[in-house]
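Reader: I am new to reading structures. Please take me through a single part of this one, slowly and closely.

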Amino acid sequence: MDIYETIKQAMKDLKSVYDLAAVCYDYLQLQIDNQIRFISEYVEFSDNPKQNNPNQNDLLKFSNDMKELLLSEGYWNDRVANMILVKTLSVKNRLKPFGEDIYNTASIAYFLLMGIDLYAESQFENAQNAPLNQGYQGNSFIYRCQKESILSPAAKQNHFRETIQAVEIRNSFSCLKILEKSELKQGMQPPKMVTLSIDKDDFARNSLADNQLLKIVTIPWGSEQTCRFPKIQGNAFRIEYSDSYKRGCIKKALTLLEAAVRHKANIIVFPEYVCCPEVQEAIGKYLRDTRQEDPNKIKDLLMVIAGSGWTEDDNNVAAVYSYSGKLLGTHYKYASFDKMMKDTQADNSGERWIEGLRNPGMESIIVQIPKIGSVMTAICRDISNWDYSEKIARIFQTDFLMVPAWSPSLHHAFQSQLESMTAANTRTCSVVCNCCAAQSDDDFEKGLVVTPYKSSSRVVGKTRMIRLNKLSAERCRHCRGCIFCLTLSFHPQDVVKGRMVRSIRNFKA
């Protein structure tokens with residue numbers, strides 16, 4: 001079937017223009033066995049007109065007509081769907097012979113997809129949860145991402161290179177992001193993408209990008225024992241929270257949260273394991289109550305990554321809340337802790353410990369913050385074993401990556417992985433919030449932040465550790481919890497000098 005017949009057959013499943021985009025992309029994936037040759041020979045323009053596809057001008061007009069049709073109608077309806085079908089048939093009937101017939105005909109689907117991409121650029125104010133193709137979900141998922149972030153002006157002024165991407169059909173579009181079903185591991189749902197809702201008259205939040213500063217507060221919690229790691233079957237372990245933790249966890253979490261709010265945090269990150277479901281719910285309630293009773297108190301806050309906690313069904317889950325206390329989504333850890341633990345009291349090599357995750361990676365969340373950028377969450381080993389996290393960050397060109405962690409080794413587990421991710425994406429800023437209880441008493445490093453830095457002609461990831469000074473370390477022996485305030489500057493002069501991390505300050509709760 002050609003693209004006209006394919007769309008006609010799928011008409012009953014088309015509930016939005018993004019369903020149509022999925023139909024077009026799936027069709028192209030099926031028809032095109034060499035995407036490099038298709039893009040370079042059938043859709044791109046050469047300086048020599050004799051080398052070009054003779055249908056290109058007509059196809060470009062078709063693409064623009066699709067954009068104008070969608071803009072003029074304003075919403076998807078049967079009339080729009082039928083008009084697109086008619087125009088697709090019309091351009092098909094005018095198609096001049098060129099090269100291989102399959103590739104030549106497939107170019108219609110490509111330029112239709114381009115028209116949808118052009119239309120989607122103007123639709124960010126009409127925020128929708130993604131994937132956007134809800135009616136038709138064959139082999140791909142369609143997302144719409146904002147092109148500009150808080151780092152964009154500095155990146156342009158300092159001539160950051162463009163991200164190096166494979167020559168693929170899905171990388172040809174400026175606004176649409178496409179995830180293929182085959183890229184999801186078994187049991188995973190596609191990432192949920194939401195846009196943080198900010199009122200037009202909310203001056204404080206809307207001016208954050210103009211100020212070119214962002215304050216991220218990490219909460220390493222404390223060194224007291226919060227949980228145990230009993231084996232449940234074979235070598236699989238789960239998390240059980242200690243009685244002393246359960247008695248005081250909510251009060252402590254809210255005390256630390258309030259301290260972060262007092263220091264005008266824009267984004268707050270708790271560590272791995274310590275935010276059991278009851279703590280996460282209490283954080284959400286605190287935000288909802290505060291917004292209703294004293295909204296000025298949280299006027300600087302955008303979102304809270306409420307760490308991660310172990311659930312009754314044996315999953316390690318992070319909860320992501322908006323400043324208003326709305327649960328934006330959850331992230332299920334996908335990469336299980338797995339280590340051969342040495343027995344220092346015996347001659348054998350010890351025994352293997354594996355985190356007993358029941359539904360690894362089942363849900364995940366990406367939050368788009370207008371003018372700031374996209375925020376992705378990963379949990380500890382999701383970065384250490386970074387195959388899937390790196391792929392998602394690359395496909396969606398993630399601006400910020402927030403990582404709750406419980407790890408004895410920050411350098412081995414995170415530094416090189418996050419630096420590589422930043423170097424590949426050129427604009428990704430990462431923050432790791434590590435739990436104090438995972439470390440030895442003499443380890444002062446409580447997290448790290450990786451920011452882009454242009455070294456000569458290359459963009460690299462520059463790491464700065466989040467650490468205690470000696471005076472603070474002494475006070476840790478009587479710890480009630482503390483917070484670290486990271487001020488990130490996106491001013492062009494700070495970016496070019498490698499000083500995006502303007503300051504890291506430690507405060508007791």
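Author: Start with a term: a polar contact is a pair of N or O atoms within 3.5 Å, where one must be able to donate a hydrogen and the other to accept it. The model here is predicted. With that, turn to Glu355. This residue lies in strand β14, which covers residues 351-355. Is Glu355 buried or exposed? Its relative accessibility is 2%. Buried means under 20%, so Glu355 counts as buried.

Which side chains make polar contacts with the side chain of Glu355? One is the side chain of Asn316, at 3.1 Å. Another is the side chain of Lys333, at 2.8 Å.

Now widen the view. Set aside the neighbours within four places in sequence. Glu355 is then in contact with Phe237, Glu272, Tyr273, Trp310, Asn316, Lys333, Ala335, Ser336 and Phe337.

For background, compare the nonpolar cores. In soluble globular proteins, nonpolar side chains tend to be buried together. The largest nonpolar core in this model has 86 residues. Phe38 and Phe414 have the most contacts inside it. Helix α6 gives the largest share of this core, 12 residues. A second, separate core has 83 residues, including Cys227, Leu256, Val279 and Val367.

To sum up, Glu355 sits in β14 and is buried. Its side chain makes polar contacts with those of Asn316 and Lys333.

Notes. Residues are numbered from 1 along each chain as its sequence is written. This is a predicted model: local features need pLDDT of at least 70, side-chain atom pairs count only at pLDDT 80 or more; totals for chains, interfaces and linings use all residues. Side-chain values use heavy atoms; hydrogens and water are left out. A nonpolar core is a set of buried Ala, Val, Leu, Ile, Met, Phe, Trp, Tyr and Cys residues joined through side-chain atoms within 4.5 Å. Buried means under 20% relative accessible area, exposed over 50%, partly exposed in between (1.4 Å probe, protein chains only). Helices (H or I, at least four residues) and strands (E, at least two) are DSSP runs, numbered from the N terminus. Contact means heavy atoms within 4.5 Å.
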